[in-house]
Amino acid sequence: MKSNKGTKLGLVLSGGGAKGAYQAGILRYMAEQNIQPAMVSGTSIGALNAAIISAQKDISKASDVINTIWQELSKTDPIEFKKAPFILSSAAILLSFSNILSRTIVGVAIDKAIDKTGLVGEKPLNNILADNAPVKLLKTGLPLYVSLYESEGSGADLVKYFSTTLLNSLSKDTKESEFKHIQSLSSEIMHEAIMASAALPYLFKAQDIEGKKYRDGGMGGVIHEQGNTPAQPLVEAGCTHLIVSLLSDGSMFDRHNPIYKDVAIIEVRPKEFISTSMRDMLAFTPDKIKLWIEQGYEDAKRCVGNSLRALSLINKNESNKAKVVNVLQDLKNDGFHIGD
Amino acid sequence: MASTDNVLKVFACEVGLSKKTTQAHPHLKDKMVVDLINGLEVVDDHIKVSESRHKPLARLIDGVTGKGKQRQNLINKNLAEGLKTASIWLQKHESDFIQVNLALGTIGNKLIETRAGVMKVDSKVGSLKDYVLDFEKVIKEKQKKLGDYIQCVDLRTKADAQMGREIDFWEAGNLNHLPLPLRVFTVLDNLRNGSFALFMQNKATSTERSDYMEHLRSKIRLAVANDLDEKPDDMLFKQEWFSLYDLSHKLDPIEKESLIYLSSWANRREKTAVFSVHSMLEEPNDRLPQRHNMLRWMDRSIEEQMGVVNQ
């Protein structure tokens, strides 16, 4: 799917923590097939991957950089837990679910304190962004959209997220995430917005973007994965085709949502289970990362490859039909006649 | 032709409709195809998760939270949309088949038309071939006739030229060293073996032959009369004719020998005129008659020497 006239391809990278390695495999397949997106969007780890693709622009280059980064991540865990706030955070998480946090003065104080620091240091991720998606490249890169969830405080966000995830339709859905066009933001907050998209409650501090606190976009519209699968901004930006990478088994992303009625969406879904527990989100281990990269590659080959093959056959058929029409017209108008 | 036009009209109409539809929704086709092909992957994913949640507690939770229903809805929606797409796709395929069949029909009609044309051409080529062969035959005949005619004209010209040349040679006095009968013999012998004879033998018609012989006779009579300084009709029994016999005794031996050889073919009974020449050269005193009708002798000599070519 090269950029034909009238075709605009968008790449949507959903969130899923360490499972983001799966997207490195998808990129490898796209690079092999020279499938170049015109724009890209992401949530959480998907936003970090998307930022690098945006900055590198060329799909082959982006694939090389991202695959290298993920192989490095498997050697050096990017999640550095801070010792001091660890106990405080653990207590806060417990308090969150007992609904005490937001009701007591102490609880609110703890929540605010954690919001400002986060349990995990941002330095490794910031370094990755600075090295591979510097603001200078982002500004001239592929259009990039990230999904952000307006925070009401770590505790409240976490409670709402987990309760909605567990109770599903028994609970009211979380409010919808917002989508920020990175190139429209000021240079100073571009990286913050990307980091905000990956800021899980308690693990990372909330980011201040244009006067509002934002967290992991994956928490918005949980029931239908509105925030975790940021396809909407790419459709609104004029994409005609989307490749959507989903990092969970049985994702509730709905391609038949009316907002996608004019868009051809190729979902890359895992054929085999991609994860067996929540802990996989933080499993930056060599074996897991290698497995996910391969899984992403194979699934992209199957999902994208089958769709493109079908499209290619149809295009060839249409092209041949046009030739037949022309030949018939030529036959009709060639003035062939043999007199008696 | 009319049926071909109709087929083309219907085909063009269908193609036009098809183009209109696709132009109005340029990505509709891609979406339909991707929804069908990729939608099956979505269904597979949800079925995979559904099958993994077979334990009672998981089923209870999925039932209570509505997740199971949500999942099933997505499966149903993807299957329904996929089937819808498959149905449209099948219709499109049918439409394509119709178009292909129409195209085949059109091409078939054109093929029939072309084959009929080729057969017509073949038939025309057959007739033309016969005509060309006949024409070739006629041309060859004409060519042959023309060749013959040219050859005839050529030979006639040469014959005329030779006759003129021989008589001129004689009248110029170049044969004066010979007795008169030998002059006649020599001229006739030259004509007998030259273009004159060729023309007379091969190309001249009987009328021409008769005319040429008459002409030759006149020329020789005139030449003889000139040599005798007489009118042709007055030289029946001229003494000079006989006195000139004496010249034969004075001939160069080689020339004499040659003339003897040239006249040796005549026998005494049938070719008497030529034989008399032969005898005059070999035995002049014994064989020659004392009085001789010159005109008769000349006619006889012409007849004997030119008889071969006058047949």
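Which residue of E8(A) does Val244(A) stand opposite? In E8(A), Val244(A) stands opposite Glu267(A).

1. This is a predicted model: local features need pLDDT of at least 70, side-chain atom pairs count only at pLDDT 80 or more, and totals for chains, interfaces and linings use all residues. Residues are numbered from 1 along each chain as its sequence is written, while chains are lettered from A and ligands numbered from 1 in the order in which they are written.

2. Strand E7 of chain A spans residues 241-245. Strands (E, at least two residues) and helices (H or I, at least four) are DSSP runs, numbered from the N terminus. E7(A) runs parallel to strand E1 (residues 9-13) of chain A, with 5 bridges joining them. Here Ile243(A) is the bridge partner of Leu11(A). Another 5 bridges join E7(A) to E8(A) (residues 264-268), also parallel. Strands pair if DSSP finds at least two bridges between them.

3. E7(A) is mostly covered, with 5 of its 5 residues buried (20 or more other C-beta atoms within 10 Å of a residue's own, C-beta atoms being placed from the backbone). His241(A), Ile243(A) and Ser245(A) lie on one side, Leu242(A) and Val244(A) on the other.

Technical notes. Buried ≥ 20, exposed ≤ 12 C-beta atoms within 10 Å, placed from the backbone.
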